[in-house]
Amino acid sequence: MTSKVQNTIELVKNSPASIFTKEDVIKLLNDVSDVPASDEDNDKATITEDQMNELIDAVRFELSMSLDSDDLVDLDSAKFELNGDVISVTDIDVDTNSIENLVEDTIRSWFDSNVL
């Protein structure tokens, strides 16, 4: 794994608590795909645009499956605000470590199955 990929993963792991959007995941995947193979790194895998789309779809699928469970969001922590006839969620605890691990595991698994 190149230092750029490792740095990107570390940035995600060390970022403040928040929900990682699809755009965050796509940026991470794009950062991984932008790493050029060099002559001294012949063991580096490159992937096609179609493979990148498959990987993005795999991450989206895993995220959507996890978001349907109660593992990522602590529903008991939800705080609400009532404004007339509109109820809004103003705060809710999210387990970002679970999201980070899910994305990393999905990426590694996909690469193991499709590229490496």
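**Close-up views of the predicted model**

**View 1. Ser77 and its contacts across the sequence.** Setting aside neighbours within four places in sequence, Ser77 is in contact with Asp91, Ile92 and Asp93. The model shown here is predicted. Ser77 itself belongs to strand 1, which covers residues 73-83.

**View 2. Ser77, its burial and its polar contact.** Ser77 has a relative accessibility of 12%. The cut-off for buried is under 20%, so Ser77 counts as buried. Its side chain reaches a backbone oxygen, that of Asp74, at 2.6 Å.

**View 3. The nonpolar surface patch.** Four residues make this patch: Phe80, Leu82, Ile87 and Val89. Its area is about 470 Å². Strand 1 and strand 2 (86-94) are the elements that give two or more residues to the patch.

**View 4. Confidence along the protein chain.** The mean pLDDT of the protein chain is 76. A score of at least 70 is reached by 59% of the residues. Among the elements, strand 2 has the highest mean pLDDT, 90. Helix 1 (residues 3-13) has the lowest, 65.

Technical notes:
Residues numbered from 1 in each chain as written. Predicted model: local features only at pLDDT ≥ 70, side-chain atom pairs only at ≥ 80, totals over all residues. Heavy atoms only, no water. Helix = DSSP H or I, 4+ residues; strand = E, 2+ residues; numbered from the N terminus. Buried < 20%, exposed > 50% of the residue type's maximum accessible area, 1.4 Å probe, protein only. Polar contact = N/O pair within 3.5 Å; in protein donor to acceptor, adjacent residues only side chain to side chain. Contact = heavy atoms within 4.5 Å. Patch = residues over 30% accessible without salt bridge, like charges linked within 9 Å, V, L, I, M, F, W, Y side chains within 5 Å. Areas by Shrake-Rupley, 256 points an atom, 1.4 Å probe, with all protein chains shown as cover. Salt bridge = Lys/Arg side-chain N within 4 Å of Asp/Glu carboxyl O. pLDDT = per-residue confidence, 0-100.
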